Amino acid sequence: EFEPKLLAHLEKHNTHEYLLALCEKQDFRTALDTIKQRARYDRSVFARKDYSDIARILEPHFPKEIIRYYLSFMEWLIDQGAGKDRVNYRSAVRYFEKVQRVFLVILHDRQGWENKLVEIRTTYGNKRALLEELSDLT
């Protein structure tokens with residue numbers, strides 16, 4: 001059992017370890033709220049802090065909220081532009097693959113996945129390089 005003082009210390013000084021401790025305690029709601037809050041806070045930061053490993057733990061508990069979390073990273077990367085050798089677009093597609101996994105493996109929702117894929121392709125239809133990177137997803 002984690003002592004409240006230790007959790008408070010981790011929350012201030014080591015967010016990742018704090019999140020792991022919350023998951024260990026099965027306090028999944030607080031972990032989710034924390035990664036969502038940090039993602040909002042870091043939105044304008046050049047290199048966003050990614051807690052995808054924590055999000056993966058939370059997927060079965062909050063699949064739709066984790067989909068939104070992954071999509072926010074994907075959109076942020078797309079907004080940064082393709083980057084050298086399309087690095088941002090390739091990273092964005094990796095987040096979209098996580099979205100696909102949640103739809104298909106956790107939610108067993110192929111129609112939801114296909115709808116999201118069409119939505120993304122439509123939204124970013126003017127970004128040819130991104131569409132090429134997305135072309136392998138079905």
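User: Which residues of helix H6 are buried?
Analyst: This is a predicted model, in which local features need pLDDT of at least 70 and side-chain atom pairs count only at pLDDT 80 or more, while totals for chains, interfaces and linings use all residues. Residues are numbered from 1 along each chain as its sequence is written, and side-chain values use heavy atoms, with hydrogens and water left out. Helices are DSSP runs (H or I, at least four residues; strands are E, at least two) numbered from the N terminus, and buried means under 20% relative accessible area, exposed over 50% and partly exposed in between, with a 1.4 Å probe and protein chains only. In H6, the buried residues are Asn-88, Tyr-89, Ser-91, Ala-92, Val-93, Tyr-95, Phe-96, Val-99, Gln-100, Val-102 and Phe-103.

User: Which helices are included in what covers the buried residues of H6?
Analyst: Cover is judged by contact, meaning heavy atoms within 4.5 Å. H6 itself has 20 residues, and the helices included in the cover of its buried residues are H4, H5, H7 and H8.

User: Are H5 and H6 roughly parallel or roughly antiparallel?
Analyst: Axes are lines fitted to C-alpha atoms, for helices over the stretch in contact, with angles running from 0 to 180 degrees between N-to-C directions. The two helices pack at an angle of about 165°, with their axes 8 Å apart. Angles under 35 degrees count as roughly parallel, over 145 as roughly antiparallel, 65 to 115 as roughly perpendicular and the rest as oblique, so the angle makes H5 and H6 roughly antiparallel.

User: At roughly what angle do the axes of H6 and H7 cross?
Analyst: Among the residues that meet here are Phe-96, Val-99 and Phe-103 in H6 and Trp-113, Lys-116 and Ile-120 in H7. The axes come within 8 Å of each other and cross at roughly 155°. H6 is therefore roughly antiparallel to H7, the crossing angle being roughly 155°.

User: Why does Lys-116 count as buried?
Analyst: Lys-116 has its place in helix H7, and, not counting residues up to four places away in sequence, Lys-116 touches Leu-71, Phe-96, Val-99 and Phe-103. Lys-116 counts as buried because its relative accessibility is 15%.

User: Is Ile-120 buried or exposed?
Analyst: Ile-120 also lies in helix H7, and, leaving aside neighbours within four places in sequence, Ile-120 is in contact with Leu-71, Met-74, Phe-96 and Leu-134. Ile-120 and Leu-71 are 49 residues apart in sequence, yet 9.8 Å apart in space from C-alpha to C-alpha. With a relative accessible area of 3%, Ile-120 is buried.

User: What percentage of the residues in the chain is buried?
Analyst: The chain has 8 helices and 0 strands, and its C-alpha trace spans about 50 × 35 × 20 Å along the principal axes. Of the 138 residues in the chain, the buried ones make up 43%.

How values were computed: Expected span 1.5 Å × (residues − 1).
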